[in-house]
Amino acid sequence: MKATRRRIEKLGIDVSILGFGCMRFPTIDGKINEPLAEKMLDEAYAAGINYFDTAFPYHNGESEPFVGKVMSKYDRASYYLATKLPTWNVANMDDAKRIFELQRSRIDQNYIDFYLIHALNRDSWEKMRDLGVVEYLKEQKAEGKIKYLGFSFHDSYEVFEEIINYTDWDFCQIQLNYMDTDEQAGMRGYQLTESRNIPLVIMEPIKGGLLANLPEEVTKPFTRIDPTKSLASWALRWVASLPNVKVVLSGMSDSEQVCDNLDTFCDFKEMSEEEHRAVEEVGEALKKRVNNGCTGCRYCMPCPAGVNIPRNFAIWNRFGIYENAEDAKRQWNHELPESEKAKNCIECGKCEGVCPQKLNIREDLKCLQKKMDSLL
């Protein structure tokens, strides 16, 4: 069987619903394990995958040239290559032009099929807009160096709506999964793209792997229906069952993940009503596992002692939901400075006086610090 493809009527092309995300290849000593990664790409291509997604910074700049080299052995018209302009490296128009030409050289292709302005938020969007980057990239499209122009996105729905309405994009890429329907662009963003006829590519369908490794007690609705299917397949099928989703990206790290994803997307079947109810049940069970009701409103900030209260609670609550110790340790050790951790609380109580949720913040900070200490 071959991977199921989906028609993008707006562009007049057929793409595999499963897209190969090229940011998590297997590595050796920090470098791409090229023989194994090439084998994975070959397996995916042989099974009918025709959408391959890389970006300027992936694997410290190694992903673009590696993917370009591997895919060059195939008929150029038989696959679609996506890459992205790193907005954080663009201070002026000369930077945008230099990086774009560098990417074409690194990929060693005459054209890029899907070119995205990478990871837009309000600040980076305003910079790209004001510099005229969108217009420059439209010129590259007119010259045939880009086939389809879009953007990837990480910010609020309001910013997403502004960007969508700026021009008639060929496509766009958002984060969406059954736990993040109200995060970033979310389902409101999905519905907006549907109404505007802008095809969607989805990233983080498994929430960085968290939805592939859930506490056993919450997954019973899945196992009752089909105990043979992986947890990842449920997350992938949920988002792929949305009609305006044309490609679902999966960053595959080994051949086992390639095989499991191909099992999901070869002869792909959209979710039944019963399966949708199971996903809702699992999602609700996960949401009940939060440690406290912090909404991240930041009324408690700034803290006189420098504690980043919302960030501490976000890490603690995410661990409570998914019980993924490695994920929690990574966030705690690498994404939260020592000066902002809960242990620095001086118990002044200022935060509790302004908290809309009336949380017992001081006690919760003690609890979360104790829990994180126990994980280290």
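Predicted model: local features only at pLDDT ≥ 70, side-chain atom pairs only at ≥ 80, totals over all residues.
Residues are numbered from 1 along each chain as its sequence is written, and side-chain values use heavy atoms, with hydrogens and water left out.

User: Is Q175 buried or exposed, and what is its relative accessible area?
Analyst: Q175 is found in strand β10, residues 172–175, where strands (E, at least two residues) and helices (H or I, at least four residues) are DSSP runs numbered from the N terminus. Buried means under 20% relative accessible area, exposed over 50%, and partly exposed in between, with a 1.4 Å probe and protein chains only. Q175 therefore counts as buried, its relative accessible area being 13%.

User: Which residue's side chain makes a polar contact of 2.9 Å with the side chain of Q175?
Analyst: A polar contact is a pair of N or O atoms within 3.5 Å; within protein, one must be able to donate a hydrogen and the other to accept it, and residues adjacent in sequence count only if both atoms are side-chain atoms. The side chain of Q175 has such a contact with the side chain of Q184 at 3.4 Å. At 2.9 Å, the partner is the side chain of D180.

User: How many of the 7 residues of strand β12 are buried?
Analyst: Strand β3 (residues 18–21) runs parallel to β12 and is joined to it by 4 bridges, with G19 standing opposite L249. Strand β11 (residues 200–203) also pairs with β12 in the parallel sense, over 3 bridges, and here L200 stands opposite V245. Strand β12 (residues 245–251) is largely enclosed by the rest of the structure, because the number of its 7 residues that are buried is 6.

User: With which side chain does that of D53 make a polar contact?
Analyst: D53 lies in strand β6 and is buried, with a relative accessible area of 2%. Contact means heavy atoms within 4.5 Å, and, leaving aside neighbours within four places in sequence, the residues in contact with D53 include F20, Y58, Q173 and L249. The polar contact of D53, at 2.9 Å between side chains, is with K84.

User: Why is helix α2 largely enclosed, and how many of its 9 residues are buried?
Analyst: The buried residues of α2 pack against several elements, among them β5 (31–32), α1 (34–46) and α3 (93–107). Those buried residues are S63, E64, F66, V67, G68, V70 and M71. Helix α2 (residues 63–71) is largely enclosed by the rest of the structure because, of its 9 residues, the number buried is 7.

User: What is the angle at which α3 and helix α5 pack?
Analyst: Axes are lines fitted to C-alpha atoms, for helices over the stretch in contact, and angles run from 0 to 180 degrees between N-to-C directions. The axes of α3 and helix α5 (residues 133–142) are 10 Å apart, and the packing angle is about 35°.

Technical notes:
Pairing = 2+ DSSP bridges.
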